[in-house]
Structure formats: structure tokens, C-alpha cells
Amino acid sequence: MKLSFKHLINATQLTVSHVDRLIEKADKYYEKRNARNCKDLDGHILATLFFEASTRTRFSFESAMYRLGGHVVSLEQGLSSSAKKGESLSDMGRIMSHYADIVVIRHPDSGSVDAFSKYATIPIINAGDGANQHPTQSLVDLYTIYKEKGTLSNLKIGFLGDLKYGRTVRSLVTLLKQYSSTFSFISHESLVISDALRQELQESGSSFVETRDLKGTLPDLDILYVTRVQEERFESKAVYETVKNEYILKREDVHDMPDLTILHPLPKINEIDEAVDFLPQAKYFKQAEYGLYMRMALLNTMLQ
Ligand code: NCD
């Protein structure tokens, strides 16, 4: 399978057919998860460049490359590179094209990964650019929904938490609207979805509501996608402090809803009470596990 793009920067690049084929491949890797002899990317080099904190995204991409038989070169603290000396991202992308076969990059500025890819001759994957996009997390989310619900179509999905700064919400909504999903956006009024996303949903004719009422919305949902309030993107710490504990999902909110699936891209801070982790509805740790297989599928596909 070949994709119709070279770099993966934005979820808008991904079609239903791309998603289907990536899920199929991820599932093949998932089924063979105990094998240790995969050589699908034998001799290939992945470079990971992280200018922002990460656990799951970096480790799952790096582990994916090793599991495919390839190698990894890594920059964990972006500012230990020549970026500190003022090198431009586009120069860095040009140079990295000689040292690796594919790059995964995360950076705090919106549009930064696009700038990095400008002169790159190897595939570049956006692992998060500021509050903008995180397309590979959305692929992981879709793979998890497929595994847990058996379908991606006609689902009722609630998004809870920081809908303003959360890049995973933005990317996932863009993808899910291709599957006739119905959306409920549950947040504090200062953390509602952007005008751009609202317009995108209106133009596509998607059905959605915006509300502050978590308890009243929960019974209608197939999936609740919880997000962390993105402290690092607030202009004022005082404003963050006023909204950070607005929603805390409790066991009693969901324990009698056996068909609800609770997702979270993680890390979670205090928006989900620990007792929820032990309910069968909580699938966020499994979601992080599925991330490995989807990223194996993505690396292999983008290097074909
Ligand atoms: C998310 C991110 O970095 O946007 N984490 C992730 O990649 N799994 C979510 C977050 O940081 O809140």
C-alpha cells in the first residue's frame, strides 16, 4: 500500500481508505505481537526530534522502529541541538534527510512541522505541533475505537476537557466526521472548540452540541474521550488554576454504563479519578498499547 502523501502533517490528509488500510496493517502487527523476528524495515533509520515533553508518542515510535528491525537516532531535548544556536527548522529538515530515512518531530509551535518538512527529502511525521495537530494520535484513537467497538461508523462521541488547546481533539474530530459521528463537546466555557473547528463541522453537516453538562450527556454516549487541561498552553497560570479541576470523572458517573468506552490520549493528571482506571469501560491504557502497532503500520507504510 502506498499513501498519496509524503509527509504526514495534518489529519485532513487522511482519507477513509488510508485509515482502513492502516488499521488492517496495525492489526496484523497486533496479532503477531509476540514475534521478535520482524525485518520489515531492516536497516532503516528513524530520527525522533522532540522539542516538547513526550512519553507514549516517542517511545511507541522508537519501539515500533526497533520491532520492525530498524534503528533509531534520537533527540530528546530539542534544545540540545543547533536549534539553540538559532538554526531554522527548514535547514534542520534538509540536513536530517541525509542522516535518517524518516523523521518524527514534536515542537511547541503551530506550523513548525510544516516548516521542518519544507526541503526535507525523506518522510516527516508530525508528532504534535503546538495546539494545532497530532494526526498519529488520531490514528491510534481510531484503531482503538475499531478494536473496542468493532466499527468506526455512526458513533456518539463526547469530548471532555480542554477542547481549546488540545491538539488530539482537533485532529480526531477531523477524522471522525468522515464516519457520520455525532459529537458532544463538554467543557468549561473558556475551553470550548475553536471557531475554525466549529465551522469545519458546520460545513460538513456534522451533528454536534456544545455543553457544560457532563452528567446529562454521558447516558447518550458510546465513547467519552477525556483530555488533560493543557497547562503549558495557557497565557496565564491564574486562569489555568481556575479551570483545571472543573471536571473530574468519577467511578459513580460511569460504573452503570457498561457500553460506554472511555478513552484518553494520556497523560492524565486529575481529570479521571483513579477508581475509574479499574472499570472495564476504561480503555486508555489499552489505547496506549495499540499505539505501538498503529505506529509500526505507519512507519512501514510511509517507507514503502
Ligand atoms: C497528547 C499530546 O501530546 O498532545 N499526548 C499524547 O501524545 N499521547 C495529549 C496531552 O499532552 O495532553
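Two exercises on a predicted model follow, each with a worked solution.

Residues are numbered from 1 along each chain as its sequence is written. Because the model is predicted, local features need pLDDT of at least 70, side-chain atom pairs count only at pLDDT 80 or more, and totals for chains, interfaces and linings use all residues; side-chain values use heavy atoms, without hydrogens and water.

**Exercise 1.** State which strands stand at the edges of the five-stranded sheet.

*Solution.*
- Start with the order. The open sheet runs S7-S6-S5-S8-S9, with parallel pairing. Strands are DSSP runs (E, at least two residues), and helices likewise (H or I, at least four), numbered from the N terminus. Two strands pair if DSSP finds at least two bridges between them.
- Now find the ends. S7 (207–211) and S9 (261–263) each have a single partner strand, so one side of each lacks a neighbour in the sheet.
- Check one pair. S5 (residues 156–160) and S8 (residues 223–226) share four bridges in the parallel sense. In S8, Val226 is the bridge partner of Leu160.

**Exercise 2.** Work out how helices H1 and H11 are oriented to each other.

*Solution.*
- Locate them. H1 covers residues 16–31 and H11 covers residues 284–302.
- Take the geometry. The packing angle is about 115°, and the axes are 8 Å apart. Axes are lines fitted to C-alpha atoms, for helices over the stretch in contact (heavy atoms within 4.5 Å). Angles run from 0 to 180 degrees between N-to-C directions.
- Classify. H1 and H11 are therefore roughly perpendicular (65 to 115 degrees).
- Look at the contact. Among the residues that meet are Leu22 and Tyr29 in H1, and Tyr293 and Leu298 in H11.

Notes: Parallel < 35°, antiparallel > 145°, perpendicular 65-115°, else oblique.
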